[in-house]
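I opened a new notebook page for this model.

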Amino acid sequence: MKKLKLAFIGCGSRVKIYSQLAAASQEKFELVAAADLRPERVEFIKNLSTLENFKSYESGDQLLSDLPEADIIVIGTQDQSHFEPCVKALNAGYHVMVEKPLSTDLSEIRQIEALANKLKKRVMVCHVLRYTPFYKEVKRMIASGLLGEIVNVRAVEGINPWHFSHSYVRGHWADTSKSSPMIVAKCCHDLDILRWLIGKSCKKVSSYGELSYFTESKKHEHLPERCNHDCPEAKSCFYNAAKYTSKDFRKTWLSQIYDSYDIADDQEVLEWLESSDWGRCVYKCDNNAVDHQVVNLDFGDCTASFTVTAFEHGRHLELFGTKAVLKGGDFYRRHLGADIIVEDHHGNVTEKVFFELSDEAYHHMGGDEGLVEALYEQMVDWPLSQSLESLSEVVEGHALAFAAEESRLEQMN
Ligand SMILES: NC(=O)c1ccc[n+]([C@@H]2O[C@H](COP(=O)([O-])OP(=O)(O)OC[C@H]3O[C@@H](n4cnc5c(N)ncnc54)[C@H](O)[C@@H]3O)[C@@H](O)[C@H]2O)c1
């Protein structure tokens, strides 16, 4: 079995997951090199690798000057630092797997697409949802004709209030000028999925949305800047940063931002929160990412509406077809014991599907594992395994997100 050699640039929380999954498939992958500004993150990947001549670098630039022997460069730097390493890696002859969004600028995304086409290299975007059992099964059901023609789609992404505060109020994607608009940063996944499921190009987009809740107002005037500055509402506040020290929050949330999340004692974490962005009051941050947005999409003979909100948990999907209706997603899984339910127009339930997934794998609905499997399948005998078609679809999905943001801003004026 041919092994694919992986080199990583930007070894933060996403790449940590992908590198662990790749290291667990030693028959398929070799971890040959890693670059990060933080040496301990490179060390983490080095420890996963079985190679004695593993190469460590202090930056993506350094790695891309040295050009280690690898098949694929995995890029997991922050949103605004995808374009440059991606272009350099393609020009150096590597295939690339890059985190979403491909870039924060649509014209750069189109440049990457053109370059990949010209050089006949594969660029895979980490659209993990495409690789989840849930969306793969929905796609299969649509293709089987079970639902007939899809006439309407309704999709919701509930980011989850704590997740929203962690990422879009206190965290990396709070200030859109330093990252990308929320609809691009978070929902290029969802718009990609809609385009993929419907299987047609979108003709028109309109959108509304704003930042309504996570802002300073009169009712927050009495609150301190930081949760641990004797906040009078610390006990009852859902967003109290001290929660980062709890067992569950350490694993799910602290691990994304604090490398010694599993060994540091509570005092150490609380001291770190004292100067960290994640210790700030959620009503007193420098955030401008919207906390709710709706997007209407016209796909020709099919219309779709998409809602993203901080105040819901998980993704749900409803497809209205000429033969049947499909409903599914997190809410159905949690409360109705089925990931997908299909009802025909006589009112009969014709399909009920539940996926056995561990809690661990259920993060990203099993998509992280699926993505790493697909990375092998799609790259191992490239270009036979996959046409460039899917990159152009991914670019369309990104373009929808940028169009939605443009429309939202127009409606605000
Ligand atoms: N696919 C998904 O579902 C998903 C989920 C969350 C985040 N993301 C995306 O993944 C990307 C990374 O997110 P994250 O949460 O892992 O971020 P992170 O901040 O944890 O990791 C980024 C890493 O890049 C490193 N870095 C910065 N500049 C560098 C340089 N010049 N050379 C080498 N390394 C450098 C940083 O030190 C850091 O370790 C973002 O673009 C984000 O939008 C995708």
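How many residue pairs are in polar contact between domain 2 and domain 3? I counted 4, with both residues at pLDDT 80 or more. A polar contact is a pair of N or O atoms within 3.5 Å; within protein, one must be able to donate a hydrogen and the other to accept it, and residues adjacent in sequence count only if both atoms are side-chain atoms.

I noted the ground rules. This is a predicted model, where local features need pLDDT of at least 70, side-chain atom pairs count only at pLDDT 80 or more, and totals for chains, interfaces and linings use all residues. Residues are numbered from 1 along each chain as its sequence is written, and side-chain values use heavy atoms, without hydrogens and water.

**Domains.** I looked up the bounds, which come from an automatic or database assignment. Domain 1 is 4-126, domain 2 is 130-214 + 287-412, and domain 3 is 218-279.

**Interface.** I found 12 residues of domain 2 in contact with 14 of domain 3 (heavy atoms within 4.5 Å). About 1,300 Å² is buried between these two domains (accessible area, 1.4 Å probe, lost on being put together, summed over both). Carbon and sulfur atoms give 63% of that area. In domain 2, Trp162, His166 and Arg170 lose the most area to domain 3.

**Ligand.** I listed 24 residues around the ligand, with Arg14, Asp36, Arg41, Gly60 and Asp79 the closest (a heavy atom within 4 Å). A polar side-chain atom of Asp79 lies 2.6 Å from a ligand oxygen. For His82, a polar side-chain atom lies 3.0 Å from a ligand oxygen. Cys126 has a backbone N or O atom 3.1 Å from a ligand nitrogen.
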